[in-house]
Amino acid sequence: MDPGNFATNIQAGARYNYDLLWVVLMANIVAMLFQALSAKLGIVTGSNLAEHAARRFPFWVGRAMWIASEIAAMATDLAEFLGGAIGLALLAHIPLPLGMLFTAVATYVLLLLDRRGFRPVELAISGLVGLIGLCYLIELAIRPPDWAAIAFHSVVPRIDDSAAITLAVGIVGATVMPHAIYLHSALTQGRVPLHDDIERRTALAHSNREVVIALSLAGLVNMAMVAMAAAAFHAGHPDVAQIETAYHTLGPLLGAGAAAAFMVSLIASGLSSSAVGTMAGQVIMQGFVGFRIPIWLRRLVTMVPAIIVVALGVDATQALVVSQIVLSLVLPIPIAALLIITSDARVMGSFRNSRSTIAAGVFAAVLILTLNAVLLAQTAGVHIPYLGAVLSAL
């Protein structure tokens, strides 16, 4: 859950009511699948996805994957850093550049916990994610949504127009996140010494339970974001497209408490996801090219795109949405690599993917590629025959 989720989910709920909830649910299930496979790779082999890809594929393929992954990491950092800064600036009534400075310092302090091992960082990030969930429980209590509509649109696909495809692609990128696929394989590699396949199967079962529980909670919060935006904005303010506008509109509609809870959740999201993004960037660089840079330097470098966005006066929320679309466009690269490697018996042994897992992974990959292709075709002005009829039917 990062500020990119806020941007896409708010626009989805405000403009399309509950219609795009099925995309959130679908993306969450896809995320569960690939996070589980990523964790399995780290547990079984003791190496992460970036390291495997660098060894497995030709040199030029590995370098291309690294460049694409770094682009995704920069897009992620832009969303996380900019989102946290927006939240601080609005809640504390300070200029956005000052909010960016405070966000950078707070993130760096959070990352320093990594020196004490993975557990303190996990606990800190889990606490921030829990805070996000609590904020949205408050939001839903203040403005209860239409639960019947939520149940219906969570399982019945509907795309109202071509603009909804843009948001659907952004939701997928914000939920599945290519950098998180790389990171999870690194977090599970060597966490606990494993001596035989029995211990590996036990660790894998525990990891799968963690993935299901964690991503189920994250999915519920993401669906709550859409539901809150639908309940608060769709009827009278469907044009709400900016986080700042949503904040200023929530106050008069639902009260200062709701607006404050919204901003606190955004700040928590920016801090937690920014730490995760920086850690993922380190894993990707070390795995593909074999070296690391100091955390403070990576944090400084990844601040640059956000600073440029602010300096140019670009709409911050729209920049967040575009960053999530970039993630979706890059996403097929790591998921294809992950499917290939975890299906190879030479690498995974008896833990290689089953036929049903491969089929599910290929189906998910084709679905993401199709959404991306339709969006790119629309952007290029390419006419897609019968697209209007298909959208109307949905």
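In the predicted model, helix α15 (residues 332-342) packs with helix α17 (residues 355-379) at an angle of about 165°, and the axes of the two helices lie 10 Å apart. Because angles over 145 degrees count as roughly antiparallel, α15 is described as roughly antiparallel to α17. The crossing that α15 and α17 form is left-handed. On the α15 side, the contact is made by P332, I335 and L339, which meet G361, V362, A365, I368, L369 and N372 of α17.

Aromatic pairing is represented in the structure by 1 pair. This pair is formed by Y182 and F288, whose rings are arranged edge-to-face, with a centre-to-centre distance of 5.9 Å and an angle of 70° between the planes. The two partners come from distant parts of the chain, since Y182 is located in helix α9 (residues 178-188) and F288 in helix α12 (residues 256-289), a separation of 106 residues. Both partners can be assigned by their accessibility, for which a relative accessible area under 20% counts as buried. Y182 has a relative accessible area of 1% and is therefore buried, and F288, at 6% relative accessibility, likewise counts as buried.

Terms used. Residues numbered from 1 in each chain as written. Predicted model: local features only at pLDDT ≥ 70, side-chain atom pairs only at ≥ 80, totals over all residues. Heavy atoms only, no water. Axes fitted to C-alpha atoms, helices over the stretch in contact; angles between N-to-C directions. Helix = DSSP H or I, 4+ residues; strand = E, 2+ residues; numbered from the N terminus. Parallel < 35°, antiparallel > 145°, perpendicular 65-115°, else oblique. Left-handed = near helix turned anticlockwise from the far one by under 90°. Contact = heavy atoms within 4.5 Å. Phe/Tyr/Trp six-rings, centres within 6.5 Å; stacked < 30°, edge-to-face > 60°. Buried < 20%, exposed > 50% of the residue type's maximum accessible area, 1.4 Å probe, protein only.
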